[in-house]
Amino acid sequence: MDGVSLQVRRGTIFGLLGPNGAGKTTFVKTLLSAVRPTRGSALIFGRDASQPEARRPIGYLPENHRFPTYFTGAGMLDFYAALSGVDASRRKKLIPEHLELVGLSQWADVRIGKYSKGMLQRLGLAQALIHSPTILILDEPTDGVDPVGRRQIREILGGFEQRGVTIFVNSHLLAEVETLCREVAILHKGKVALTGKMQDLTAGKGYRLTVAKPPEALAEKVRGCATSMAVRDGWVDFQFPSRELANGAMDLLRAERCEIEALAPTTSTLEEVFVRTVEK
Amino acid sequence: MVTLALIRDTFREALARKIFWGLFALSTLMILFFLFLLRIDIVSGATATITLFGRQTNANPDVDRMVRGVYGAIATFLYTFGMFLAVFASSGLIPSVLEPGRIELLVSKPLSRTHILLGRYAGNVLVVFLNSAYLVIGVWAILGVKTGIWSPVFLIAIATTTFIFAVLLAVVVLIGVLSDSAALSTMVTVALMIVSPILAQTSLMMRLLSSEWSRNLWKTLYYSLPKVYELGKMTLDAIQSRTFAGFTPIWTSALFGAVMLGAALAIFARRDF
């Protein structure tokens, strides 16, 4: 990773995307202090991530988790909640609540070796939520979950978003991220290749104008008639709903001698945005 | 609370892997074996033996020697076969916690890596402590009830067995953290146990070795490696009321264990997962 800097607003669901090897998992692991940065530091709410206390407000669901199969569902929640500092009396109350939340109440006393992949994923989510974190980091949270389970996870996460929990989702399932996240960033070769609001990036059919980064005032003026603006590596992508608006913006930019890189018709799904970004 | 959770987790895993139950069953077999032997002796009707287990035999010095002999046999069993079993059984408990998909979640929790590893270590030591306590106290109680001889010195075997296991476990932990391999951890630790009685022949070797450097090498190895054999012998001497020559095996072994554990903690704290 090189100079990765992301702004994630409190209480939003943020998606981190990228091709294999882009550095998504390394980024998350650095935040969690599972990986030590070769240079620089990772801070969580202003505290050094390598300090255990800095990780207290985090709930984490790893990708390819391997929960010990000797646990029952309730036993696993009890163990990880205890490690997160939840005292015994609160655990007694919270465990049934969280099993209920993820639809596993009936499975509380069953060894998790008998759980399906989807059930393990939901149990993992309960584990990440049980100590009431203010930031939730989920690595491929719906991987292996059936459509009904996925909808359930989305609903649960939506509920926590409403309560002001910041949710950071690391995923390669673009459709899932598109449905779930309010903002996304695309990592490519260890750098942030694109970041923006989901509704801006997937503005639908229209025209995308790519220009060398204009002065801020001009960018804001053009942004006024565009549906979205995304900044990446010294370039800015403006999305326009019509050819007329795109031409008007080009006139404005050329008048200020801004360099135009491209004007192209678009039908933006997140997948298209993703492919365009990583192929550049 | 966190430490307790880590210890309980180690216990849970030891139970699930049948490690605890395996050691427990073996200890039970040993206890039943002595119970059975004593009964056989009684049933056999030999006059001396019947007298041996009657209350009037309390003052009989032969009974005392016999009881100490049994204590010695149990202590020897614990230090040889029991220790091998404990090392084999425990070697998987460290690498298992380092498995990808498990360790990331553990280190993401608000506790230090030192805490994670020490919790695991303590849980593992406790598993062996409880098993050796069960065996020693079981045999001690059976012999005490049957013979009326309650020699508390035998109970020292619980402490010394646990101590030497703790030292050897530090090696298991270090190799486990370095290699993630239960097999390699076991091999290295067992090698240390095997080499221990050989290194203990220091005074003989000082006479046999011709060059100064080889004598120094031998002495270096002797003083730096854990003295499983000598600790076992010290326990045996204590049980059988014999004198032993100094506490060097205890403190050098403790120092070795502390260095191994310290190195394991330092490496674990710097590893990427």
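Chain A is divided into two parts, domain 1 (13-188) and domain 2 (202-279). Keep in mind as you look around that this is a predicted model. The secondary structure of chain A comes to ten helices and twelve strands. Chain A also touches chain B, with 24 residues of chain A in contact with 22 residues of chain B.

**Chain A as a whole**

- Taken along the principal axes, the C-alpha atoms of chain A fill a box of roughly 70 × 40 × 30 Å.
- Chain A has 280 residues, and 45% of them are buried.
- Among the contacts in chain A with a separation of 6 or more, 69% are between residues 24 or more positions apart.

**The two domains of chain A**

- The centres of domain 1 of chain A and domain 2 of chain A, taken over C-alpha atoms, are separated by 35 Å.
- Where the two domains touch, domain 1 of chain A brings seven residues and domain 2 of chain A brings seven residues.
- On the domain 1 side of this contact, α6 (174-180) and β7 (183-188) of chain A each supply at least two residues.
- The element that gives the most to that side is α6(A), with three residues.
- By class, the residues on the domain 1 side divide into five nonpolar, one polar and one charged.

**A pair of helices in chain A**

- Helix α4 (residues 117-129) of chain A and helix α5 (residues 147-162) of chain A have axes that come within 11 Å and cross at roughly 10 degrees.
- Angles under 35 degrees count as roughly parallel, and α4(A) and α5(A) are therefore roughly parallel to each other.
- From α4(A), the contact is made by A:G118, A:R122, A:L125 and A:L129, and these meet A:G149, A:I153, A:I156 and A:F160 of α5(A).
- Sorted by class, this contact of α4(A) with α5(A) has five nonpolar, two polar and one charged residues.
- As a general point, an α-helix has 3.6 residues a turn, so residues three or four places apart point the same way.

- You can find A:A108 in the loop between α3 (88-101) and α4 of chain A.
- A:A108 has 15 other C-beta atoms within 10 Å; a residue counts as buried at 20 or more and exposed at 12 or fewer, so A:A108 is partly exposed.
- In sequence, A:A108 and A:T72 are 36 residues apart, while in space they are 6.4 Å apart, C-alpha to C-alpha.
- Not counting residues up to four places away in sequence, A:A108 touches A:T72, A:G73, A:A74 and A:L99.

**Where chain A meets chain B**

- The contact between the chains joins 24 residues of chain A to 22 residues of chain B.
- On the chain A side, the elements giving two or more residues are β4 (58-61) and α2 (73-83) of chain A.
- With three residues, α2(A) gives the most to the side of chain A that touches chain B.
- That side of chain A has twelve nonpolar, five polar and seven charged residues.

**A helix in chain B**

- Helix α8 (residues 182-199) of chain B has 18 residues, which should span 26 Å at 1.5 Å a residue.
- The buried residues of α8(B) are B:S185, B:T186, B:V188, B:T189, B:S196 and B:L199.

Definitions and conventions:
Residues are numbered from 1 along each chain as its sequence is written. Chains are lettered from A and ligands numbered from 1 in the order in which they are written. This is a predicted model: local features need pLDDT of at least 70, side-chain atom pairs count only at pLDDT 80 or more; totals for chains, interfaces and linings use all residues. Helices (H or I, at least four residues) and strands (E, at least two) are DSSP runs, numbered from the N terminus. Axes are lines fitted to C-alpha atoms, for helices over the stretch in contact, and angles run from 0 to 180 degrees between N-to-C directions. Angles under 35 degrees count as roughly parallel, over 145 as roughly antiparallel, 65 to 115 as roughly perpendicular and the rest as oblique. Ala, Val, Leu, Ile, Met, Phe, Trp, Tyr, Cys and Pro count as nonpolar, Asp, Glu, Lys and Arg as charged, and the others, Gly among them, as polar. The expected span of a helix is 1.5 Å times one less than its number of residues. Domain bounds come from an automatic or database domain assignment.
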